[in-house]
Amino acid sequence: MACSYLGPCFLLICSLLAPFVSGSQIQRTSLPIISFDEGYTQLFGDDNLVMYRDGKRVHLSLDERTGSGFVSQDLYLHGYFSASIKLPADYTAGVVVAFYMSNGDIFEKNHDEIDFEFLGNIRGKDWRIQTNIYGNGSTSAGREERYSLWFDPSDDFHQYSILWTNSQIIFYVDNIPIREVKRTESMGADFPSKPMSLYATIWDGSDWATNGGKYRVNYKYAPYVAEFSDLVLHGCAVDPVEQFPRCDNTESSQAIPTGVTPVQRIKMESFRAKFMTYSYCYDRVRYRAPPSECVINTKEADRLKSYDPVTFGGGRRHHGKRHHRSPSSHAEVISI
């Protein structure tokens with residue numbers, strides 16, 4: 001969002017959105033961008049995966065026949081993984097675009113996973129992002145969070161990144177951290193700790209993705225196309241047989257974030273206070289007490305509780321004169 005002088009009201013709006021600028025204005029990582037063939041191979045989808053001539057940009061599509069996806073050629077134990085993604089536009093209910101790490105093909109009963117999932121919506125409603133982690137097959141202990149965004153992710157490319165170390169996992173949107181998971185002793189094997197591959201997929205999630213399955217994929221709007229560019233795979237590649245990491249210690253490793261800086265933490269807290277719509281840490285229906293890795297923020301707690309007092313407050317939902325607007329409303333950002 002480029003701010004110019006159009007009056008005091010416009011300047012106020014710009015100042016409120018200052019921490020959240022468009023992807024084109026975000027400083028890109030200085031880590032090397034690789035071509036598709038250097039780091040990835042097609043997972044499924046036949047000709048629903050199309051590579052551009054430069055070899056550094058691909059698109060995945062979903063139609064009546066199939067979705068599509070690709071996967072990294074190597075397994076990795078920790079690192080920084082990133083892609084710029086442009087999501088499908090218009091009616092996208094039921095559509096799921098995923099950018100994630102997993103080892104489910106190797107460890108079927110005790111797999112690890114680190115997820116970015118983009119959930120489509122009906123026309124006029126925004127895409128939503130869901131993040132999640134699993135460790136050692138801990139799928140019964142959901143650690144989901146969901147957010148709206150300060151931009152339309154179908155208008156342009158935006159950068160989505162995962163930092164995974166032995167002690168923390170950080171999710172980024174346009175280099176702004178939106179979630180930080182610090183490993184605690186009580187998490188044990190629930191913290192992802194085994195080598196994983198990086199995946200990108202688009203598929204039909206009609207049974208759950210939009211309002212719990214109320215709105216399904218409508219193939220009259222197909223093909224649904226997600227575009228990927230600026231692919232970064234920077235981590236410790238692991239031999240799939242010997243499980244021995246081959247870490248890259250080149251100078252570019254200095255560009256990998258080591259954690260959340262004080263400035264980034266301010267931006268992260270601002271993002272979460274304005275755009276987070278669900279967090280397992282505050283779900284009093286699922287957890288009587290927050291899991292050990294949760295860091296409770298009163299602003300987050302109060303906002304979620306006002307939105308859904310049953311889930312986040314343990315109280316009863318009130319149906320009266322007071323009306324709670326959806327946290328995904330862009331107008332809410334301007335009025336704060």
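## Annotated glutamates and the disulfide region

E113 has a relative accessibility of 15%, so this residue counts as buried, the cut-off being under 20%. The structure described here is a predicted model. E113 lies in strand 7, which covers residues 113-119. The side chain of E113 makes a polar contact of 3.0 Å with the side chain of H111. Apart from neighbours within four places in sequence, E113 is in contact with Y100, M101, S102, N132, I133, Y134, P192 and M196.

An unreviewed UniProt entry carries the annotation "active site" for E113 and E117. E117 is also found in strand 7. Its relative accessibility is 13%, and E117 therefore counts as buried. When residues up to four places away in sequence are not counted, E117 touches V97, A98, R128, I129, Q130, W203 and W208.

A further glutamate, E293, is found in the loop between strand 16 (276-279) and helix 4. E293 counts as buried because its relative accessibility is 8%. The side chain of E293 makes a polar contact of 2.5 Å with the side chain of R143. R143 is also among the residues that E293 touches beyond four places in sequence; the others are V181, K182, T184, M187 and Y280.

| Residue | Relative accessibility | Class |
|---|---|---|
| E113 | 15% | buried |
| E117 | 13% | buried |
| E293 | 8% | buried |

The loop that holds E293 also holds both cysteines of a disulfide, C281 and C294. The count for the model comes to 1 disulfide. The sulfur atoms of C281 and C294 are 2.0 Å apart. The two cysteines are 13 residues apart, and each is in the loop between strand 16 and helix 4. The torsion about the S-S bond of C281 and C294 is about -85°, so the disulfide is left-handed. Both C281 and C294 are buried.

At the start of helix 4, a side-chain oxygen of N297 comes to within 2.9 Å of the backbone nitrogen of K299.

Terms used: Residues are numbered from 1 along each chain as its sequence is written. This is a predicted model: local features need pLDDT of at least 70, side-chain atom pairs count only at pLDDT 80 or more; totals for chains, interfaces and linings use all residues. Side-chain values use heavy atoms; hydrogens and water are left out. UniProt positions are given in the numbering used here, feature names are shortened, and annotations may be inferred rather than shown by experiment. Helices (H or I, at least four residues) and strands (E, at least two) are DSSP runs, numbered from the N terminus. Buried means under 20% relative accessible area, exposed over 50%, partly exposed in between (1.4 Å probe, protein chains only). Contact means heavy atoms within 4.5 Å. A polar contact is a pair of N or O atoms within 3.5 Å; within protein, one must be able to donate a hydrogen and the other to accept it, and residues adjacent in sequence count only if both atoms are side-chain atoms. A disulfide is a pair of cysteine sulfur atoms within 2.5 Å.
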